[in-house]
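Here is a short note on the pockets and cores of this model. Please read it beside the coordinates.

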Amino acid sequence: MRVYPRCGIPLKLQRRSVVVKTSVPGLLLDSGPNGMSRFRVQTELASAELFLHGAHLAAWQPADHRPVLWLSGNSWFEAGKPIRGGVPICFPWFGPHPQDSALPAHGTARLQEWQLQTASSGPDGVIRLLLQSMIGSFIVRYELGIGRELHLQLTCELSATVTQAERFEAALHTYFAVSDILAVQITGLENAGFMNKVPQLERCEPTGEAIRFSEETDRVYQNTPDTVVLHDPGLQRKISVSKQGSLSTVIWNPWIDKSRRMPDFGDDEWTGMVCIETACVGDHAIVLQPGQSHQMSATICVS
Ligand code: BG6
């Protein structure tokens with residue numbers, strides 16, 4: 001019988017709509033909408049939900065805080081479709097495929113089932129999960145540290161069996177819940193140039209100012225090693241995203257018309273979310289030689 005290593009949970013249990021305790025305190029296994037396999041974290045430090053579909057973190061809420069991640073009420077939970085909200089993993093390309101528009105936007109990582117490799121709870125109370133998937137010629141490992149802070153790390157290794165270098169793009173497409181998109185601002189990107197995707201693709205110089213929202217916003221900021229902070233006066237909180245191995249940051253809010261065009265996004269939901277995506281895309285895509293790997297990580301804190 002196949003089991004999740006270290007958890008000792010038979011794989012077939014993931015199909016049942018029962019809650020199963022794992023051998024890791026605070027880590028439960030159940031099924032979410034449409035019977036999708038889901039791990040639930042419930043500790044003194046935080047609660048969280050993680051689907052094996054797309055290795056998709058759908059919720060994270062540190063103790064004494066409101067939910068940090070946003071999830072659409074219209075999300076699909078279906079094989080072959082991405083979950084809308086939380087932290088989709090975009091890999092091995094970002095946006096439309098550069099050559100074949102029939103391929104899914106943002107790559108295939110968010111559409112496939114991942115394997116749980118290990119799960120543990122440290123003396124610090126943080127639950128650590130490691131998932132893995134083979135995507136094209138890449139072995140992709142995703143490590144999550146779930147506690148008062150959220151640590152996400154994506155390691156992409158090009159198989160040593162291929163004969164030539166390969167390029168990839170990756171993003172932790174993080175959707176944050178906000179009180180009101182009109183009231184929030186984002187700092188940390190004032191000095192970064194960006195590719196503006198709306199109204200049409202255009203390379204823009206740094207603005208020198210914090211980002212505020214008054215229209216559809218879809219920007220890929222370049223050369224962004226620094227911490228980005230989301231200031232939300234309505235929720236009286238700041239969310240910081242510090243990162244390593246990522247030189248792009250994507251900021252996205254679909255605003256009114258695009259929200260209406262997306263079937264898995266509520267018409268009015270744009271007011272309550274913003275994406276700050278830790279990424280390696282465009283000018284900062286990664287090229288690996290066979291056997292080489294690249295690590296990108298984000299640490300998210302609420303204060
Ligand atoms: C953002 C892109 O990262 O994701 C946008 O910059 C895109 O252009 C958005 O619309 C959502 O993409 P999707 O494929 O999840 O609808």
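1. The largest pocket holds about 610 Å³ of space. A pocket is an open set of points on a 1 Å grid over the protein atoms alone, where a 1.4 Å probe fits, with protein on both sides within 12 Å along at least five of seven lines. Its volume is the space filled by probe spheres set on the points, which are joined across faces, edges and corners.

2. The model is predicted: local features need pLDDT of at least 70, side-chain atom pairs count only at pLDDT 80 or more, and totals for chains, interfaces and linings use all residues. Residues are numbered from 1 along each chain as its sequence is written, and side-chain values use heavy atoms, with hydrogens and water left out.

3. The largest pocket has 29 lining residues (an atom within 4 Å of a point). Nearest its centre lie Phe-94, Gly-95, His-106, Lys-197 and Asp-218. Strand 14 (170–177), strand 18 (217–222) and strand 21 (248–253) each give two or more residues to this lining. Strands are DSSP E runs of at least two residues, numbered from the N terminus. Strand 18 gives the most, three.

4. The second largest pocket has about 260 Å³ of space. It is lined by 13 residues, and Arg-212, Ser-214, Glu-215, Thr-217 and Arg-219 are the closest to its centre.

5. The largest nonpolar core has 78 residues. Such a core joins buried (under 20% relative accessible area, 1.4 Å probe, protein chains only) Ala, Val, Leu, Ile, Met, Phe, Trp, Tyr and Cys residues through side-chain atoms within 4.5 Å. Leu-57 and Trp-60 touch the most other members. A second, separate core has eight residues, including Phe-94 and Val-220.

Conventions
Buried < 20%, exposed > 50% of the residue type's maximum accessible area, 1.4 Å probe, protein only. Helix = DSSP H or I, 4+ residues; strand = E, 2+ residues; numbered from the N terminus.
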